[in-house]
Amino acid sequence: GRPFRVEHGVPEADARKLKSLEWSIAPFKKGRWKQWTALDGLPVNKTACLIFTPDDAAWFATPAGLSRFDGREFVNLTREEGLPGGLGEAMHLDSDGTFWLGTTERVVWRYNPAEGQPPVKFTAPGLPSGRLRQITRTSDGALWFRSLDELARYDGASVVTFTNLWDRGTVVIGSTATVPGKDGRLWVTGWGAGLIRFEGT
């Protein structure tokens with residue numbers, strides 16, 4: 001029950017004490033682990049993004065399309081259902097069940113499975129020209145699109161693009177950091193950028 005400090009170059013007397021102790025590590029791989037692959041129903045053995053819907057189903061963006069898993073079986077929506085192939089890591093789910101999907105072909109698609117209609121391309125002047133890395137929505141209703149070089153805000157009518165915010169590298173954005181009561185705030189991190197907060201525009 002006592003802590004022992006272990007570091008390089010400990011005094012010999014302390015090293016002897018440590019050697020005399022019986023060391024054991026508690027099992028950490030508890031529970032049942034399961035891996036799902038194309039043999040279980042996934043369209044391919046690669047997933048780019050994962051979102052859980054309110055009905056506890058898991059939706060995966062894959063290079064072959066969109067896949068839904070309810071815990072028992074997979075339902076795959078591919079080009080045959082009108083979905084684009086080459087989905088990337090940019091995927092967002094609105095509260096009404098609408099998916100926003102970024103592809104490796106630098107195209108954004110909008111898709112709501114409940115509508116029973118095929119997905120539609122989303123176009124708006126000023127969207128990032130590079131491959132999208134993330135899509136999210138802030139509490140003021142604005143959609144945000146992020147590529148390696150740009151961050152764009154779409155308010156439903158027009159796009160405002162921000163550049164030179166960070167060095168080219170990994171950037172994480174998320175609407176979950178929106179400050180309650182202050183609509184439109186977005187927190188952004190990036191390599192060499194520190195922490196950025198957008199308040200609306």
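**Close-up 1. Contacts of Thr62.** Beyond its neighbours within four places in sequence, Thr62 is in contact (heavy atoms within 4.5 Å) with Pro43, Val44, Lys46, Thr47, Gly86 and Leu87. The model is predicted: local features need pLDDT of at least 70, side-chain atom pairs count only at pLDDT 80 or more, and totals for chains, interfaces and linings use all residues. Residues are numbered from 1 along each chain as its sequence is written, and side-chain values use heavy atoms, with hydrogens and water left out. Thr62 lies in strand E2 (residues 58-62); strands are DSSP runs of E, at least two residues, numbered from the N terminus. Its relative accessible area is 0%, so Thr62 is buried (under 20% relative accessible area, 1.4 Å probe, protein chains only).

**Close-up 2. The Phe69 and Phe74 rings.** The structure holds eight aromatic pairs (ring centres of Phe, Tyr or Trp, the last by its six-membered ring, within 6.5 Å; planes under 30 degrees apart count as stacked, over 60 as edge-to-face and the rest as tilted). Phe69 and Phe74 are stacked, because their ring centres lie 4.3 Å apart and their planes meet at 20°. Both Phe69 and Phe74 are buried.

**Close-up 3. The Trp100 and Phe122 rings.** Trp100 and Phe122 pair edge-to-face, 5.0 Å centre to centre, with 90° between the planes. This pair links distant parts of the chain, 22 residues apart. Trp100 sits in strand E6 (residues 99-103) and Phe122 in strand E8 (residues 120-122). Both Trp100 and Phe122 are buried.

**Close-up 4. An aromatic cluster.** Trp36, Phe60, Phe69 and Phe74 are linked into a cluster by ring pairs.

Terms used: Helices (H or I, at least four residues) and strands (E, at least two) are DSSP runs, numbered from the N terminus. Buried means under 20% relative accessible area, exposed over 50%, partly exposed in between (1.4 Å probe, protein chains only).
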